[in-house]
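Let's take a walk through this protein together. Have the sequence and the 3D view open, and follow along residue by residue.

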Amino acid sequence: MESDMKKINMIFRVLLRMLIVFALFLTLAGQVAAQTWIPTGNMATGREYHTATLLPDGKVLVAGGVDSVANTATAELYDPQTGTWTATGSMVSIRYAYTATLLPNGKVLVAGGDISGVTAVPTASAELYTS
């Protein structure tokens, strides 16, 4: 009878371990499934060498860079709630390869970069985006 109890206890431990492993597998499988890419709305302007800054309201400010023709000062806001883009105020200067930093007050500091469309013309200028 004691050996039967040991067998039952051992089977119980094995089943419990299998249950834990299965639960871990389901948890990880759910995380892997959540890590996929899905399409969302397109920007109005295709661009490269731009910046994207997450704003306090959850929207993303995309500004500047180079579009299909030349450097640009245009900016757009992406709303992750709706998956849509809307135009917002353009920067004062065209620029690409610059920095954009969210400040504690919610404004975005844009600084430096290149303002030329042909040759490298670095700039020391800076400007603020306010929403």
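**A walk from the loop to the core**

Start with I94, which sits in the loop between strand 4 (84-88) and strand 5 (99-102). Helices and strands here are DSSP runs (helices H or I, at least four residues; strands E, at least two), numbered from the N terminus. Before going further, keep in mind that this is a predicted model: local features need pLDDT of at least 70, side-chain atom pairs count only at pLDDT 80 or more, and totals for chains, interfaces and linings use all residues. Residues are numbered from 1 along each chain as its sequence is written, and side-chain values use heavy atoms, with hydrogens and water left out.

I94 counts as partly exposed because its relative accessibility is 34%; buried means under 20% relative accessible area, exposed means over 50%, and partly exposed is in between (1.4 Å probe, protein chains only). Together with I115 and V121, I94 makes a nonpolar surface patch of about 190 Å². Such a patch is built from residues with over 30% relative accessible area and no salt bridge, with nonpolar side chains (Val, Leu, Ile, Met, Phe, Trp, Tyr) joined within 5 Å and like charges within 9 Å. Leaving aside neighbours within four places in sequence, I94 is in contact (heavy atoms within 4.5 Å) with N71, T72, A73, D114 and I115. The C-alpha atoms of I94 and D114 are 8.2 Å apart, although the two residues are 20 apart in sequence.

Now for the charged pairs. Side chains of opposite charge can pair when their charged atoms come close. This structure holds two salt bridges, a salt bridge being a side-chain nitrogen of Lys or Arg within 4 Å of a carboxyl oxygen of Asp or Glu. One joins E127 to R95, with 3.0 Å between the closest N and O atoms. That pair links distant parts of the chain, since E127 is in strand 7 (residues 126-129) and R95 is in the loop between strand 4 and strand 5, 32 residues apart. E127 is buried, at 13% relative accessible area, and R95 is buried too, at 0%.

The other salt bridge is between E76 and R47, whose closest N and O atoms are 3.1 Å apart. E76 is in strand 3 (residues 75-79) and R47 is in the loop between helix 1 (2-34) and strand 1 (51-54), so this pair ties together parts 29 residues apart in sequence. Both E76 and R47 are buried.

What about the nonpolar interior? The largest nonpolar core has eleven residues: L55, L61, A63, A73, A75, L77, M91, Y98, V108, V110 and Y129. A core here is a set of buried Ala, Val, Leu, Ile, Met, Phe, Trp, Tyr and Cys residues joined through side-chain atoms within 4.5 Å. Strand 2 (60-63), strand 3 and strand 6 (108-111) are the elements that give two or more residues to this core.

Notes
Areas by Shrake-Rupley, 256 points an atom, 1.4 Å probe, with all protein chains shown as cover.
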